[in-house]
4 protein chains.
Amino acid sequence: MQAETGGKVRYGMIGGGPGAFIGAAHRRAAALDGALELVCGTFSRDPANNGATGRELGLAPARVHASWQTLLADEARLPPEQRVELLVIVTPNDLHVPIAQAALTAGFHVFSEKPAGISLAEVQRLADTLAALPLRYALAHSYLGYPLVWEARERVARGELGALRKIHVEYPQGWLAQDLAATGNRQAAWRDDPAASGPGGCLGDIGTHAFSLAEFIGGQPITRLSAQLRSHLPGRRLDDDVMVLFETAAGASGSLLASQVCIGEENGLRIRLYGERGSLEWRQQEPNSLLQRSLDQPPQDLRAGLGLPWLSAGTQQRLRLPAGHPEGYLEALANLYRQLAAAIRDPADPAAGLPGIHTGWRGLAFIETALASHRRQGAWTPLPTPGA
Amino acid sequence: MQAETGGKVRYGMIGGGPGAFIGAAHRRAAALDGALELVCGTFSRDPANNGATGRELGLAPARVHASWQTLLADEARLPPEQRVELLVIVTPNDLHVPIAQAALTAGFHVFSEKPAGISLAEVQRLADTLAALPLRYALAHSYLGYPLVWEARERVARGELGALRKIHVEYPQGWLAQDLAATGNRQAAWRDDPAASGPGGCLGDIGTHAFSLAEFIGGQPITRLSAQLRSHLPGRRLDDDVMVLFETAAGASGSLLASQVCIGEENGLRIRLYGERGSLEWRQQEPNSLLQRSLDQPPQDLRAGLGLPWLSAGTQQRLRLPAGHPEGYLEALANLYRQLAAAIRDPADPAAGLPGIHTGWRGLAFIETALASHRRQGAWTPLPTPGA
Amino acid sequence: MQAETGGKVRYGMIGGGPGAFIGAAHRRAAALDGALELVCGTFSRDPANNGATGRELGLAPARVHASWQTLLADEARLPPEQRVELLVIVTPNDLHVPIAQAALTAGFHVFSEKPAGISLAEVQRLADTLAALPLRYALAHSYLGYPLVWEARERVARGELGALRKIHVEYPQGWLAQDLAATGNRQAAWRDDPAASGPGGCLGDIGTHAFSLAEFIGGQPITRLSAQLRSHLPGRRLDDDVMVLFETAAGASGSLLASQVCIGEENGLRIRLYGERGSLEWRQQEPNSLLQRSLDQPPQDLRAGLGLPWLSAGTQQRLRLPAGHPEGYLEALANLYRQLAAAIRDPADPAAGLPGIHTGWRGLAFIETALASHRRQGAWTPLPTPGA
Amino acid sequence: MQAETGGKVRYGMIGGGPGAFIGAAHRRAAALDGALELVCGTFSRDPANNGATGRELGLAPARVHASWQTLLADEARLPPEQRVELLVIVTPNDLHVPIAQAALTAGFHVFSEKPAGISLAEVQRLADTLAALPLRYALAHSYLGYPLVWEARERVARGELGALRKIHVEYPQGWLAQDLAATGNRQAAWRDDPAASGPGGCLGDIGTHAFSLAEFIGGQPITRLSAQLRSHLPGRRLDDDVMVLFETAAGASGSLLASQVCIGEENGLRIRLYGERGSLEWRQQEPNSLLQRSLDQPPQDLRAGLGLPWLSAGTQQRLRLPAGHPEGYLEALANLYRQLAAAIRDPADPAAGLPGIHTGWRGLAFIETALASHRRQGAWTPLPTPGA
């Protein structure tokens, strides 16, 4: 289950203390395949919480650091065979780039929560830094780790749908329909603080998931868009609802709906792609089915499962169980970890499909373009392109 | 099953000859509850087809008329107890208003296919005509006849969702993904002819269904919109794909997606409404379920069925069978016929919820506003309001 | 829509007065395609109810008869072109055979509710009567009228599944989970009266539906069975729950579960058939989908809809609408009416698939064999075969 | 995430080499929550495979043992703080009891694949051994680890359904519809070898899953049954298809259908329980929904998700993620591991709901009783009770 050479990849975590489900999710995903090992961390600015989390996780006290700065400094002094190799950043958004920059500069690989940062400019600088280093940088776009998302991408790429005409992606949630921040929910609180979250609320939190899924499966960049943002609760500073119409480089058009005020919705990420010859539909909450439809055949349910003959090799590699044993969110995130660990061990590994700095750059381009369009009453606005 | 007084309502059909499934659908819906009786018609401009259809339907040859003009003239000469009472118009769109105007003027009630006409101006004239006459005019917005659509409308009206925040409605179809008109499909052909169809393609054909459903359930007018239209096939003259963002009078916003190039989609009309306290979702292809979700309760599946205690009286009146016996499209359309027949027999009947000239007027307002917005690159454009 | 020659088939109804939803369901199904016309009836033993129902249905008072005996006698005196042709029997079970016998003897075609009678012996006598007459007899096994039930039958018949191994059929309902008969529900009351219902409760009411569906699609007779019956409410005289294991002539085995005490279940008729090469699954509550699975292909959803290329000709004939317009229970029942009307007009019509006296005979064989097995603690018991 | 005291539980694995997906599934499930650590194993009788698996898993060569006997002997000699604590047995069935007996006797806790053994007699001896020791024994009835299975059990226990009337459980699979053993599939091969598998084929492999689920949720022992077994392929020695009718101690009755020849079925474990006041339905392939229905309320979808207010405390403890992040099979199995690890660390932990030797005993009682009934043509046969 683990990388061939060099044993488990030693990773440290920055953020992810008590109350943040995403920290525990990362640790579980990293543990699942036995390819990574948590060796250090700094989990909370509160020393008591930080220490308690470290103890709970079985870390030696010396590897539970007071801050990410001391973590980087202290770990760098350890002998190479003990020293952490990979840093997992699960902090609020504003720290993603500063920590990643420092970690890369210190010689560590990085796995960062999304969005990559809070401005396209800082993400561009991070990209520049990374370009010059023999290090890996991956972004926790967990949904891109689902096996059938890969299958969809492959089928589009090999032309099963013909030229794409429409891409509709949506991500409704309901958890911010009430003012959770006012009731002390810290996850809700920082997400509505522009200093911590960046300029996008729902836009950055889940809009980027929808955006990256559309580009990942569709295989063509979104080139311009028209956006409407809203914020439904009095006092809420950032958007909690996003409606975007867009066009792609290859001539498809579509819609992206993301919201956090849709009561009753859990994590309703769903994508549909329609081409000249067929269509695909995938829903995150039932991730083991991929619906394919074509002009003259009955709809097919491309079920997931190890060994099923209709699945591509890349899909098989992202599965762990025979059909009928549901695999879910943690397995998807674990696919990113497993792929990153392998790529760390093998510098020649192309890590095909692993979301990295380009995906991060695109995400910020989306956020900033949507905000710009919204400020101009939804005027159609082009997305920047890297290097342009 | 039939109206209390005066026996079955005698109706005639204009249009609906061989090949148009909608004519047969109307005849079946009208027959279902025994409240209406087909007594005359003019089904095709081709005399042979016209006569054959009349014979097939068991009409006396004298009641199979050569044109709608002769139908009106000939029927007017019959004694009142034989004379047709209601005219069902199932022609291409351009004839809806001319025939309806003439029929009303001749003293006949009208049941018209939608859209009500091909311009807001002509529908306004029809509305003016109708305002002065003691006659009924109903519009075949079949989906508004579904029992659970009524249930949704009632639940919104009585505040179960709180103030609405979002309305998302979509109507994907796939049947025009290929160039059917080129292969001789007459249904496809007239729909792409602006002279017959009016200025909207998909916009008028199914966009108006989605629009009217949103206003019917939401209970608040859509006040402005931003629209993107496309036409995917070379030589296609009218739009085959519609993306609209909108706002309502009460402050909700939402999206309307309609398309006829979504391969694999059948008749995927679906609406979701999210309010401050809860949400509703309904899908036309599984019309006997209505999903209700709220802040603190598990999702509920408000199933349809005679006698189920959670359904309103108005919903019960639109049902015919106990739970578990699926009712479908013809039953929904039959609900409009049944309600219209009762209203013809009882001039005091409010015919609550029966789509009429106002719904038709709104539909054309939608079509024209969407086209106007599209011509201005999706600029937000207000819908006109009646009398304004 | 109607038979080519001879106009609409004139039918009369026996039973089906106020409160019995099945009477109205039959009238709607008969009306749907314009092939039959209600001309007379006797709807209730209560003269006031009888008259009121007749008036409501628009029948001339002379055609609303005081009893089925007078109906037969009076109608026989009418001139042939006015006289009723077909009698629809929607009474409690004990009257099915007596009325059918008398009607056939008087020269009328018969459409009877199921089960065909209350004993195999009387159904055998009815079969003998029928064998000597040029008359049609059909049985209201409504579910056999669903288009995709036909499709399933054809696919099994042409060997798509290979030799069948397993047939699992179930029909859970919940409406008798409480003592409705005690609260005055007449439908519940007669169903628990052996004199009116025959020896089977749930067994005859819905068990026969499940049984006939299994034999209809499976295409092979059930040859022996082991049955367990229960009656869950104090004072209930007939079974309300049935569990049967069975074997077929061609070597398949399976289960039949039927119950009326399964709270929350509506009309959950569902069948699965597994063969050496594939399987099929169909559920009555979502009747427009048929799931087909095979050894090496993804599951296929054989959707219903006029013109879909994967449907057989016989399936197409049972459809009325393009895909995506749900057809339901009334349409299924209407398929039986339409087919019967055509067969009445054309004596050479084979009426393929129309359930008749053989289906009725099998149903009683099932009831009596299940009861016999149950009395012997579920001992495996052979079903009789016609003529044996 | 891990036990409070004593660090991670050190476990060893017996069996689970290349090709057996279940070994990797166990390792992943054990790793997920960071509460256990693989320290040794013997994975294959083939030395090369054994060594390769050990290396792949990062084990020190000294901890990769040549056989389970040497594993037990060698580990016992290690100092307590290094020595393995828990042995995971994922061998064919015939070795479950011998290894468990030896491991317990050597002072190790045991986590065994099901069934517990190949005869009730040997499992009884194992139970006797266990009764005298302060050691934990858990059985890998993975499906009992699903959060909503626990929720169902609690809801039945607190009387939400009233007295149970019906329990229907089914577990269709299709993977043995063809002769995989003949094509060299080792998983298929040993399962059809009575010496390795025990007397039951499908009966032991998945029938016991269905049986234990019914008793776990239903909360009442199955007391007698009638069984039909079949073996569909020429040369197959053990049953591949099971149909059982049963009764419970509290007066419910039901059915259990399990099969491995149902083409197209993956892992279709599904249970429905009907009581006097309501019902529950759960399906393994969509494990994050639990359908609850009652007499007068719409059906409710009891969704899974951390923090949802309708879920019991025990259900919450078995969840890791907020609603909408699907959890699946590995998480269910991990729940058993996590609970076992905690119980090993805390001898006072009641380990409520953790399947153990009693569940194993019942499973063998089921297998042997079903075989006995089958041999007597399905005669109703009582299950033994422990101590009787």
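**Copies and helices in a predicted model**

Student: What percentage of the interface residues of chain D are also interface residues in chain A?

Tutor: This is a predicted model, in which local features need pLDDT of at least 70 and side-chain atom pairs count only at pLDDT 80 or more, while totals for chains, interfaces and linings use all residues. Residues are numbered from 1 along each chain as its sequence is written, and chains are lettered from A and ligands numbered from 1 in the order in which they are written. The copies meet through the same surface, because the share of chain D's interface residues (contact means C-beta atoms, placed from the backbone, within 7 Å) that are also interface residues in chain A is 100%.

Student: Which helix supplies the largest share of the side of chain B that touches chain C?

Tutor: In this pair, 36 residues of chain B are in contact with 37 residues of chain C. Helices are DSSP runs (H or I, at least four residues), numbered from the N terminus, and H1 (21–32) and H11 (329–345) of chain B each supply at least two residues of that side of chain B. The largest share, seven residues, comes from H1(B).

Note on methods:
Two residues are in contact if their C-beta atoms, placed from the backbone, lie within 7 Å.
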